[in-house]
Amino acid sequence: MNTQPWDVIIIGGGAAGLSAALMLGRSRRRTLVIDTGSPRNRFASHMHGVLGNEGASPADLIERGRAEAAGYGVEFLADAVERVDQTDDGVLVRLREGDPLHARALIVASGLVDDLPDVPGLAERWGKSVLHCPYCHGWEVRGQRLGILATSPLGLHHAQLVRQWTDDLTVFTADIGPMDDATIHRLRSRGIRLIASPVTEVLGEGEQVTGVRTSDGNVTELDAIFTAATLRPRDEFLRHLDLDRTDTPMGSFLAADQMGQTSSSRIWAVGNVTSPGGNVPMSIGAGASAGAMVNMALVTEDFDRAVAIADAAPDMAPADYWEQRYAGPDHMWSGRVNKVLSDVAADLTPGRSLDLGCGEGGDAIWLAQNGWIAAGIDISPSAIGRARTAAHAAGLTDDRISFAARDLSTLDDAETYDLVTASFLHSPVELARGDILRAAADLVAPGGHLLITSHASSPPWAEHSEHHTPHFLSPEEEFAALDLSPDEWTALAVEVRPRETTDPHGNPATIDDSVILLRRER
């Protein structure tokens with residue numbers, strides 16, 4: 001699993017959560033779905049009213065949805081969330097079994113639990129012939145002998161609705177108490193039978209309801225029965241955050257705007273956890289909207305952060321500047337080895353190597369994969385964290401590769417290396433680059449090599465203001481600045497090498513690299 005901080009964590013892998021995950025995966029967001037595998041509609045064998053999926057299995061929809069989201073890089077974790085806490089830059093999600101996880105944003109799509117009336121024979125037939133939504137199941141029991149077990153005054157509205165699907169409807173009213181004459185007259189006007197005696201048992205054969213027994217000993221024969229459960233949203237893991245809630249006749253639910261954002265700027269909520277009446281297509285739509293809005297919120301934050309760093313850069317120390325750059329959401333580099341390094345190292349006998357300013361580890365990882373015992377150093381702890389993650393993902397062990405977060409200007413290693421590399425060690429803030437490169441030369445063992453690759457010019461697509469045009473040292477100037485003894489060093493290459501690349505629009509382009517390759521003789 002990706003161990004970097006996540007862009008978004010989604011709690012709940014039902015229709016709403018997967019829809020949000022699909023949108024975020026397609027937006028190139030590092031997204032994790034945490035799910036216990038118990039969606040609300042798991043008791044039903046078929047979905048209805050879901051365009052393009054009429055009669056499909058809910059489990060099949062979830063399986064296809066997971067595969068689609070996974071195709072865009074979304075990852076999944078089977079665990080339960082115990083607690084969510086807000087941090088300065090996101091949320092911390094604490095799990096029942098795994099280690100805590102950090103994300104920039106959270107989408108709660110954990111659904112709700114239907115707490116059914118405590119009547120024998122009811123729960124075991126839930127979703128089969130004990131039903132709650134006539135839009136979801138009414139067609140399948142149309143024209144049959146139907147019942148309503150009313151658990152609140154809302155049950156009388158339920159009765160009027162279900163009457164659309166059958167002429168043979170019985171309502172059991174004991175749990176709602178006495179009814180006024182006008183309500184009784186309204187229901188009976190369409191032939192609805194009312195029974196005030198309490199229900200003591202739902203009768204049936206296997207999953208099929210056959211009738212209802214009441215406390216007076218009578219049995220009413222039925223083919224299916226509708227009831228309204230007590231709805232309990234699965235949001236206990238964030239109740240301590242005191243997010244705004246909305247009280248409804250069906251219970252208290254998280255308050256969220258049309259796009260799913262709660263009263264927290266980092267937390268969204270979609271699906272039945274906030275909208276108890278939402279069916280599958282409604283939940284899919286809500287998840288898609290929330291996924292898009294979360295991505296837009298992160299896009300805005302990315303730009304705000306980049307502007308703040310750019311504005312502050314002239315006054316920042318190198319360590320602070322580079323840590324802020326690497327701590328951001330975007331990977332700085334491609335992860336591929338620099339071509340100059342791969343070309344040079346291919347002709348060398350593998351030994352021990354050190355990469356200065358290793359960033360996210362692409363060069364060091366390539367060296368380790370090609371026989372070297374590789375080490376990398378960078379000033380940014382976040383860069384080193386990403387490099388270690390990438391090395392682990394590549395299957396490299398600690399005895400083959402290591403990384404350390406250190407200030408390059410204080411290099412004083414007693415160890416020496418067969419190859420020391422510094423690729424594009426440039427910085428927009430003040431960095432003692434010359435001192436670093438001279439210190440790097442001291443780390444090369446006799447017979448070993450020092451490889452310095454630098455920009456020799458700006459990319460052809462770069463734009464510069466009239467007040468700021470960058471100056472790049474020529475290879476000869478850079479070599480002279482190293483001030484190395486000719487008795488100890490042999491220059492194997494001091495040259496400019498053109499490199500084929502692509503511009504930001506994908507068009508072929510060529511850029512010049514300054515290459516200095518030296519061998520230490522003694």
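Which residue stands opposite arginine 213 in strand 14? The answer is valine 219. The structure here is a predicted model, in which local features need pLDDT of at least 70 and side-chain atom pairs count only at pLDDT 80 or more, while totals for chains, interfaces and linings use all residues. Residues are numbered from 1 along each chain as its sequence is written, and side-chain values use heavy atoms, with hydrogens and water left out.

Let's start with the sheet around that residue pair. Strands here are DSSP runs of E with at least two residues, helices are runs of H or I with at least four, and both are numbered from the N terminus. Two strands count as paired if DSSP finds at least two bridges between them. Strand 13 (residues 208-214) meets strand 14 through three bridges, in the antiparallel sense.

A second open sheet has seven strands, in the order 22-21-20-23-24-26-25, and its pairing is mixed. Here the edges belong to strand 22 (401-405) and strand 25 (489-502); each has a single partner strand, so one side of each is left without a neighbour. The twist in this sheet averages 15° from one strand to the next. Inside it, strand 20 (residues 352-356) and strand 21 (residues 373-378) run parallel and are joined by five bridges, with serine 353 opposite alanine 374.

Parallel pairing also turns up between strand 9 (residues 146-149) and strand 10, which share four bridges. Glycine 147 of this pair stands opposite threonine 170 in strand 10. In a regular strand, side chains alternate between the two faces of the sheet. In strand 10, Leu169 and Val171 point one way, Thr170 and Phe172 point the other way, and all are buried (under 20% relative accessible area; over 50% is exposed, and in between is partly exposed, with a 1.4 Å probe and protein chains only).

Now for the aromatic rings. Rings of Phe, Tyr and Trp (its six-membered ring) pair if their centres lie within 6.5 Å, and planes under 30 degrees apart count as stacked, over 60 as edge-to-face and the rest as tilted. By this rule there are three aromatic pairs. In one of them, tyrosine 135 and tryptophan 165 have ring centres 5.6 Å apart and planes at 90°, so the pair is edge-to-face. This pair links distant parts of the chain, 30 residues apart: tyrosine 135 sits in helix 3 (residues 134-137), and tryptophan 165 in the loop between helix 4 (154-162) and strand 10 (169-172). Tyrosine 135 is exposed because its relative accessibility is 58%, whereas tryptophan 165, at 18%, counts as buried.

Tryptophan 322 and tyrosine 326 form a tilted pair, because their ring centres are 6.1 Å apart and their planes stand at 35°. Both lie in helix 7 (residues 318-327), four residues apart, or about one turn of the helix.

Notes: Axes are lines fitted to C-alpha atoms, for helices over the stretch in contact, and angles run from 0 to 180 degrees between N-to-C directions.
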